[in-house]
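Here is my note on the model you asked me to look through. Keep the structure open beside you and take the points one at a time.

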Amino acid sequence: MWMLSFVPDDFLAYIINAILIAGAIGTFFTFFILHKVVRWLPALAPYHLLLQIISVVLLVGGVYFKGGYSVEMSWRNKVNELNQKLDAAEALSKEETIKVEKQIVYRTKIVKEQAQQIVEYVDREIVKYNNVCVLPQEVIDAHNAAALNKPINNTKK
Amino acid sequence: MLTGCLTTVPVVREFPEPPASALEPCKSLSTVNEASLSGLMKTVTVNYATYYECAIKQNAWIEWYKIQEQIQNGAIND
């Protein structure tokens, strides 16, 4: 029934309903009424069986295509519903992403400001003790090795 | 008769774009250039700040993923 997607829906429904109704009416007529009509119109007698076959074929075909059409429309409705939900979810997703981005920027700014305050404190207060507390090179080497996550011998200058 | 059950369901969605800041890699830690107490303390301070910036990105990733998962599951399961 994927072929149905190439035909306009309204036109397709019209055709299918027409086939189904023609088949239903034709079947009823040829099976229950025609044998009485044949008395008045004997010219139809040779075509009795043919008309019955055509009517049944139209009826069966109409039922089949009606079922296929209903299934196709049902799936299309489900697809449309899901697409609408996913569109709404995508819009919400973008909103939340913007919120998270703003939080990252804000929190990072706070961290940088606080670090800057501490660096200013160090330049103001700790610098007085540079002559009192002389750091051996080993302390520098150990710190740098830890910062680079490398064996201590590789960071010696 | 089974062809009545066949249809194409064109529902395609792409993975959502994460926050741009979260895609930036964490900075490397700094080494001490000035062999003094204040120099060491400044480098330590800068490195601690680098850690916290990295932690902010990491936590933001986790938060973003959980939110997206919730939104996605809510849309599909409703």
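1. Let us begin with T97(A), which is buried, because its relative accessible area is 10% and the cut-off for that word is under 20%. This residue sits in helix α2 of chain A, the helix that covers residues 48–124. Please keep in mind throughout that you are looking at a predicted model.

2. What is T97(A) in contact with, once its neighbours within four places in sequence are left aside? The list is E17(B), P18(B), P19(B), W64(B) and Q68(B). With W64(B) there is also a polar contact of 2.8 Å between the two side chains. Turn to the backbone as well: a polar atom of the T97(A) side chain lies 2.9 Å from the backbone oxygen of S93(A).

3. The side chains of E96(A) and K99(A) meet at 3.5 Å, N to O. Both residues belong to helix α2 of chain A and are 3 residues apart, about one turn of the helix. Are these two partners buried or exposed? E96(A) is buried, because its relative accessible area is 17% and the limit is under 20%. K99(A) is partly exposed, with a relative accessible area of 47%.

4. Now step back to the whole of chain A. It has 3 helices and 0 strands, and along the sequence the pattern reads α-α-α. Of its 157 residues, 27% are buried. Its accessible surface comes to about 11,000 Å², and 67% of that belongs to carbon and sulfur atoms. Among contacts in chain A between residues at least 6 apart in sequence, 63% join residues at least 24 apart. Chain A also holds a salt-bridge network that links D9(A), E72(A) and R76(A).

5. One backbone detail in chain A deserves a look. N149(A) has a positive phi of about 55°, although this residue is not a glycine. You will find N149(A) in the segment after α3, the helix spanning 137–148. N149(A) counts as exposed, because its relative accessibility is 71% and the cut-off is over 50%.

6. Chain B has 1 helix and 0 strands. It has 78 residues, and 35% of them count as buried. The accessible surface of chain B is about 5,200 Å², with 60% of it on carbon and sulfur atoms.

7. Which parts of chain B does the salt bridge between E24(B) and K57(B) tie together? The closest N and O atoms of this pair are 3.8 Å apart. E24(B) lies in the segment before α1 and K57(B) in helix α1 of chain B, so the bridge ties together parts that are 33 residues apart in sequence. E24(B) counts as partly exposed at 46% relative accessibility, whereas K57(B) is buried, with a relative accessible area of 12%.

8. Next, the interface between the chains. The contact takes 46 residues from chain A and 46 residues from chain B. Together the chains bury about 4,100 Å², 67% of it on carbon and sulfur atoms. On the chain B side, R13(B), L37(B) and I56(B) supply 15% of the area that chain B buries against chain A, more than any other three residues.

9. How many salt bridges does the rule find across the interface of chain B and chain A? There is 1. It joins the side chains of D123(A) and K42(B) at 2.8 Å, N to O. The pair crosses from helix α2 of chain A to helix α1 of chain B, which covers residues 37–77. Both partners are partly exposed: D123(A) has a relative accessible area of 37%, and K42(B) has one of 23%. Over all chains, the search finds 10 salt bridges.

10. By class, the side of chain B that touches chain A has 26 nonpolar, 13 polar and 7 charged residues.

Technical notes: Residues are numbered from 1 along each chain as its sequence is written. Chains are lettered from A and ligands numbered from 1 in the order in which they are written. This is a predicted model: local features need pLDDT of at least 70, side-chain atom pairs count only at pLDDT 80 or more; totals for chains, interfaces and linings use all residues. Side-chain values use heavy atoms; hydrogens and water are left out. Contact means heavy atoms within 4.5 Å. Buried area is the accessible area (1.4 Å probe) that two parts lose on being put together, summed over both. A salt bridge is a side-chain nitrogen of Lys or Arg within 4 Å of a carboxyl oxygen of Asp or Glu. Ala, Val, Leu, Ile, Met, Phe, Trp, Tyr, Cys and Pro count as nonpolar, Asp, Glu, Lys and Arg as charged, and the others, Gly among them, as polar. Helices (H or I, at least four residues) and strands (E, at least two) are DSSP runs, numbered from the N terminus. Buried means under 20% relative accessible area, exposed over 50%, partly exposed in between (1.4 Å probe, protein chains only). Accessible areas come from the Shrake-Rupley method with a 1.4 Å probe; for residues, only the protein chains shown count as cover. A polar contact is a pair of N or O atoms within 3.5 Å; within protein, one must be able to donate a hydrogen and the other to accept it, and residues adjacent in sequence count only if both atoms are side-chain atoms.
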